[in-house]
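Have a look at the sequence and the 3D view, then read on.

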Amino acid sequence: MEITETGIKDCLILKPRVFDDARGYFFESFNQQTFEDKTGLSGAFVQDNQSYSSYGVIRGLHAQTGAFAQAKLVRVTKGEVLDVAVDVRPGSPTYGQHVAVRLSAENKLQLYIPRGFVHGFSVLSETVEFLYKCDNFYNKASETGVIYNDTDLNIDWLIPAGMESISEKDMLLKPFAELQHG
Ligand SMILES: Cc1cn([C@H]2C[C@H](O)[C@@H](COP(=O)(O)OP(=O)(O)O[C@H]3O[C@@H](C)C(=O)[C@@H](O)[C@H]3O)O2)c(=O)[nH]c1=O
């Protein structure tokens with residue numbers, strides 16, 4: 001597994017070692033020992049999630065607060081997304097900045113998103129199957145987020161105007177300037 005740093009501390013791109021042969025391929029999509037040795041981070045993930053979405057869907061930007069804050073390790077097994085992680089750690093030198101990485105079934109890249117970030121993705125292919133590990137459990141009462149098209153964050157989701165598909169819940173998310181930290 002290769003680790004690439006991003007412009008934001010602790011937010012990492014992981015590239016697994018893929019074994020190709022006449023049958024197809026094999027790779028370890030997660031190995032706690034390798035993950036911890038290579039990143040120096042805890043690999044104690046406790047929940048795995050999977051979602052399926054069509055072209056133009058934007059899910060995000062989401063986080064959980066307080067005791068239910070979550071780090072995430074995200075990847076794609078079908079299609080391609082633009083995955084976005086925004087640093088909202090108070091006092092961080094990159095506060096308000098984001099990492100945007102294309103993750104696809106083809107490139108098999110994974111993004112590690114630490115606690116203290118809001119996260120989302122846009123669907124660039126016809127459909128997408130999106131898988132991720134979380135280091136803390138889902139807790140509805142702890143959910144927070146930022147509206148995807150916030151003008152301060154200025155994220156290019158690579159979806160043409162009018163083609164975005166956003167949940168009713170996500171359309172109600174607040175601007176970045178109103179994000180409550182906790
Ligand atoms: C996230 C989550 C949702 N749910 C339920 C709540 C709801 O009825 C249904 C769909 O939830 P949502 O609309 O929040 O799903 P979604 O918009 O896909 O939410 C996800 O978005 C990405 C960007 C993330 O970073 C994730 O952490 C998560 O917030 O699934 C769970 O039961 N467990 C979970 O862990």
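## A first pairing to find

Leucine 73 has tyrosine 112 in E10 as its bridge partner. A word on the labels: helices (H or I, at least four residues) and strands (E, at least two) are DSSP runs, numbered from the N terminus. Two strands count as paired if DSSP finds at least two bridges between them.

## What kind of model this is

This is a predicted model, where local features need pLDDT of at least 70, side-chain atom pairs count only at pLDDT 80 or more, and totals for chains, interfaces and linings use all residues. Residues are numbered from 1 along each chain as its sequence is written.

The pLDDT, which is the predictor's confidence in each residue from 0 to 100, averages 97 for the protein, and 99% of the residues score at least 70. The model also scores ipTM 0.99 and pTM 0.98.

## The six-stranded sheet

Back to those strands. Six of them form an open sheet in the order E1-E2-E10-E7-E12-E5, with antiparallel pairing. At the edges sit strand E1 (2-5) and strand E5 (47-54), each of which pairs on one side only. On average, neighbouring strands of this sheet are turned by 25 degrees against each other, direction ignored. For such angles, axes are lines fitted to C-alpha atoms, for helices over the stretch in contact, and angles run from 0 to 180 degrees between N-to-C directions.

Start at the E1 end. E1 and E2 make a hairpin with six residues between them, and aspartate 10 in the turn has a positive phi of about 75 degrees. Four bridges join these two antiparallel strands: threonine 4 is partnered with isoleucine 13 in E2, and glutamate 2 with lysine 15 in E2. Next along, three bridges join E2 to E10, again antiparallel, and here leucine 14 stands opposite glutamine 110 in E10.

## Which side chains are tucked in?

A residue is called buried if 20 or more other C-beta atoms lie within 10 Å of its own, exposed if 12 or fewer, and partly exposed in between, with C-beta atoms placed from the backbone.

Not counting residues up to four places away in sequence, isoleucine 113 touches Cys11, Ala71, Lys72, Val74, Ala85 and His119; contact here means C-beta atoms, placed from the backbone, within 7 Å.

## The five-stranded sheet

There's a second open sheet, with five strands in the order E9-E8-E11-E6-E13 and antiparallel pairing. E9 and strand E13 (143-145) are its edge strands, each pairing on one side only. The twist averages 30 degrees from one strand to the next. E6 and E13 pair over three antiparallel bridges, and histidine 62 has glycine 145 in E13 as its partner.

## Two residues flagged by UniProt

An unreviewed UniProt entry lists His62 and Tyr132 under "active site". They span 71 residues in sequence, yet no two of their C-alpha atoms are more than 13.6 Å apart, so they gather at one spot. UniProt positions are given in the numbering used here, feature names are shortened, and annotations may be inferred rather than shown by experiment.

Histidine 62 is in strand E6 and is partly exposed, with 18 other C-beta atoms within 10 Å. Leaving aside neighbours within four places in sequence, histidine 62 contacts Val118, His119, Gly120, Glu143 and Gly145. Tyrosine 132 is in strand E12 and is buried, with 22 other C-beta atoms within 10 Å. Beyond residues up to four places away in sequence, tyrosine 132 touches Asn49, Lys72, Leu73 and Val74.

Definitions and conventions:
Two residues are in contact if their C-beta atoms, placed from the backbone, lie within 7 Å.
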